[in-house]
Amino acid sequence: MLLRHDAFSRLCRARELLGEVREHPLSIKDVAREIRMSPFHFIRQFEALFGLTPHQFRIESRLDQAKHLLVIGQRSVTEVCMEVGMSSLGSFSDLFARRVGAAPSVYQHRARVMVQVPGTFPPELFPGCLSLMARLPPSAFRNFREAHALHVPLECKVVAQGDINANQTHQHHG
């Protein structure tokens, strides 16, 4: 997908807007208008760039914020629900349990029991892929440097137009 610098910047701005917790969150249509794209084009471009639809991204962002608040704070599940922009405790708890694998109160209890050093997270709270990688022997990473040299991570930061085209060309011909 060839993406111009200005379109890339606007999609990054949309991702920021979708991640914000507001009393009245912007609709997908409002976000698309804000970044000067049609809603359908915005959804297609956003998913192609970030791997999630804008709606999926907003949900994942809220759940990530909720996990963080449940682990570090002294907030109740209801307070966390409201703080991340969810209006229904029942819907929040059901969604959290389906996506995370445990009810918010269970997740909070487990996290508080496991956390022994303030500010650190036990390996059990990391995504599964990172937990698995931590258990692999160093020899499993022998090709990591080679793979890293070929793969440029997608980050929302300002880069020159030529850099975007070079990266895309490299990925297509790499």
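Predicted model: local features only at pLDDT ≥ 70, side-chain atom pairs only at ≥ 80, totals over all residues.
Gly73 sits in the loop between H4 and helix H5, which spans residues 77-83. Across the chain, Gly73 and Gln108 lie 9.5 Å apart, C-alpha to C-alpha. In sequence, 35 residues separate Gly73 from Gln108.

## Overall fold

The protein chain has 10 helices and 0 strands. Along the sequence, the pattern reads α-α-α-α-α-α-α-α-α-α. The chain has 174 residues, and buried residues make up 29% of them.

How many of the contacts between residues at least 6 apart in sequence join residues at least 24 apart? The share is 57%.

Val21 lies in the loop between H1 and H2. With a relative accessibility of 37%, Val21 counts as partly exposed. Its C-alpha is 5.7 Å from that of Gly85, although Val21 and Gly85 are 64 residues apart in sequence. Leaving out residues up to four places away in sequence, Val21 touches Gln65, Glu83, Val84 and Gly85.

Arg36 is in the loop between H2 and H3. Arg36 has a relative accessibility of 61%, so it counts as exposed; the cut-off for that class is over 50%. The phi angle of Arg36 is near 65 degrees, a positive value in a residue other than glycine.

## Aromatic cluster

The model contains 5 aromatic pairs. In one of them, the ring centres of Phe46 and Phe50 are 4.8 Å apart and the planes meet at 55 degrees, so this pair is tilted. Phe46 and Phe50 both belong to helix H3, residues 39-50. They are 4 residues apart, about one turn of the helix. Both Phe46 and Phe50 are buried.

Phe46 also pairs with Phe57. Here the arrangement is edge-to-face, with 5.8 Å from centre to centre and 70 degrees between the planes. Phe46 is in helix H3 and Phe57 is in helix H4 (residues 54-72), so the pair ties together parts that are 11 residues apart in sequence. Both Phe46 and Phe57 are buried. One aromatic cluster takes in Phe42, Phe46, Phe50 and Phe57.

## H1 against H3

How do H1 and H3 meet, and at roughly what angle do their axes cross? The axes of helix H1 (residues 5-19) and H3 come within 11 Å and cross at roughly 90 degrees. That makes H1 roughly perpendicular to H3, because angles of 65 to 115 degrees fall in that class.

From H1, the contact uses Phe8, Leu11, Cys12, Ala14, Arg15 and Leu18. From H3 come Phe42, Gln45, Phe46, Leu49 and Phe50. By class, the contact of H1 with H3 has 9 nonpolar, 1 polar and 1 charged residues.

## Nonpolar cores

The largest nonpolar core has 17 residues. Which residues have the most contacts inside it? They are Leu11, Val31, Phe42 and Phe46. H1, helix H2 (28-34) and H3 are the elements that give two or more residues to this core. H1 supplies the largest share, 7 residues.

Setting aside neighbours within four places in sequence, Val31 is in contact with Ala14, Leu17, Leu18, Leu26, Phe42 and Arg58.

## H4 against H6

H4 packs with helix H6 (residues 89-100) at an angle of about 90 degrees. Their axes are 11 Å apart. H4 and H6 are therefore roughly perpendicular to each other.

On the H4 side, the meeting residues are Ile59, Glu60, Leu63, Ala66, Lys67 and Leu70. On the H6 side, they are Phe92, Leu95, Phe96, Arg99 and Val100. The contact of H4 with H6 divides into 8 nonpolar, no polar and 3 charged residues.

Notes. Residues numbered from 1 in each chain as written. Heavy atoms only, no water. Phe/Tyr/Trp six-rings, centres within 6.5 Å; stacked < 30°, edge-to-face > 60°. Buried < 20%, exposed > 50% of the residue type's maximum accessible area, 1.4 Å probe, protein only. Axes fitted to C-alpha atoms, helices over the stretch in contact; angles between N-to-C directions. Parallel < 35°, antiparallel > 145°, perpendicular 65-115°, else oblique. Contact = heavy atoms within 4.5 Å. Nonpolar A, V, L, I, M, F, W, Y, C, P; charged D, E, K, R; others polar. Core = buried A, V, L, I, M, F, W, Y, C linked by side-chain atoms within 4.5 Å.
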